[in-house]
Amino acid sequence: MPPGIPPTHVVDLMTTAGAAALGAQWKVSDVKIVEVPAIQGAMPQYKTTYSIEPQAGGSDFDDSKWPNIEPKDLAARRSGVHVAFMWYRTPLTIPAKIGDFDPSGAVVVLTVTVDDYAEVWVNGAIPGRSGYPSPATIQGHNMPNRVVLSTGVKAGDKFQIAVFGINGPISMAPANTVWFRQATMEFYK
């Protein structure tokens with residue numbers, strides 16, 4: 001679980017300087033709902049079901065053809081409204097120094113708040129373990145997702161971040177969009 005005390009240092013990944021400090025190169029893609037065959041063993045009346053494309057949470061997913069966006073444009077309202085999904089991806093690398101701050105040994109927490117919901121993937125997986133709250137999965141309407149990336153970070157540590165943004169409430173097909181309210185890296189020493 002993320003620490004409950006104030007961070008020692010915070011980097012705003014929605015700013016040019018903050019993104020540059022951690023080597024963030026944000027990319028974005030629309031997501032489509034696609035019809036697929038039902039899985040083996042499904043009830044006989046279900047011949048098809050639905051999935052999404054692309055499935056971009058994996059650390060080895062090739063996002064090279066996706067457009068780059070400026071960090072400030074994480075706040076841009078995206079999608080055609082109603083039921084909408086977006087992928088955002090970036091690599092992050094821990095530097096030896098962030099200004100005068102030495103991050104070595106710090107607990108590092110990624111905090112993202114997406115309007116309206118988000119799932120956060122780190123290095124190809126949604127962090128969490130069975131029977132415990134998973135901070136990377138949907139937390140609620142416009143709630144922050146706080147994910148511990150490391151409990152003892154060192155210079156050169158790399159993280160592939162993928163955020164699946166979801167417009168909601170899904171059951172109401174709202175007339176709004178997907179966008180970031182917050183994206184920060186918090187360091188605790």
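## Salt bridges

Counting the salt bridges here gives five. Keep in mind as you look that this is a predicted model. Side chains of opposite charge can pair when their charged atoms come close.

Let's begin with K72 and D73, which form a salt bridge with their closest N and O atoms 3.2 Å apart. K72 is exposed, at 55% relative accessible area, while D73 is partly exposed, at 25%.

## Bridges between strands

Another salt bridge joins the side chains of D115 and R181, at 2.6 Å from N to O. This pair connects distant parts of the chain: D115 belongs to strand β6 and R181 to strand β10, 66 residues apart. D115 has a relative accessibility of 6%, so it counts as buried. R181 is partly exposed, with a relative accessible area of 44%.

Now find E186 and R146, whose side chains meet in a salt bridge of 2.8 Å, N to O. Here too, distant parts of the chain are linked, with E186 in strand β10 and R146 in strand β8, 40 residues apart. E186 is buried, with a relative accessible area of 9%, whereas R146 is partly exposed at 24% relative accessibility.

## The sheet

In which order do the four strands of the open sheet run? The order is β1-β10-β6-β8, and the pairing is antiparallel. Because β1 (9-12) and β8 (145-150) each have a single partner strand, they stand at the edges, and one side of each is left without a neighbour in the sheet. On average, neighbouring strands of this sheet are turned by 20 degrees against each other, direction ignored.

You can follow one pairing in detail. Strands β6 (residues 107-115) and β10 (residues 179-188) pair in the antiparallel sense over nine bridges. For V114, the bridge partner in β10 is F180.

## A glycine in a helix

Have a look at G18, which sits in helix α1 (residues 16-21). Is G18 buried or exposed? G18 counts as buried, because its relative accessibility is 8% and the cut-off for buried is under 20%.

Leaving aside residues up to four places away in sequence, G18 touches V11, D12 and L13. The C-alpha atoms of G18 and A183 are separated by 10.0 Å, and these two residues are 165 residues apart along the chain.

## A nonpolar patch

Finally, turn to the surface, where I33, Y50, V83 and I170 form a nonpolar patch. Together they have about 390 Å² of accessible area. One of them, V83, lies in the loop between β4 (48-53) and β5 (85-93). V83 is partly exposed, with 37% relative accessible area.

How values were computed:
Residues are numbered from 1 along each chain as its sequence is written. This is a predicted model: local features need pLDDT of at least 70, side-chain atom pairs count only at pLDDT 80 or more; totals for chains, interfaces and linings use all residues. Side-chain values use heavy atoms; hydrogens and water are left out. Helices (H or I, at least four residues) and strands (E, at least two) are DSSP runs, numbered from the N terminus. Buried means under 20% relative accessible area, exposed over 50%, partly exposed in between (1.4 Å probe, protein chains only). Contact means heavy atoms within 4.5 Å. Patches are made of residues with over 30% relative accessible area and no salt bridge: like charges are joined within 9 Å, nonpolar side chains (Val, Leu, Ile, Met, Phe, Trp, Tyr) within 5 Å. Accessible areas come from the Shrake-Rupley method with a 1.4 Å probe; for residues, only the protein chains shown count as cover. A salt bridge is a side-chain nitrogen of Lys or Arg within 4 Å of a carboxyl oxygen of Asp or Glu. Two strands pair if DSSP finds at least two bridges between them. Axes are lines fitted to C-alpha atoms, for helices over the stretch in contact, and angles run from 0 to 180 degrees between N-to-C directions.
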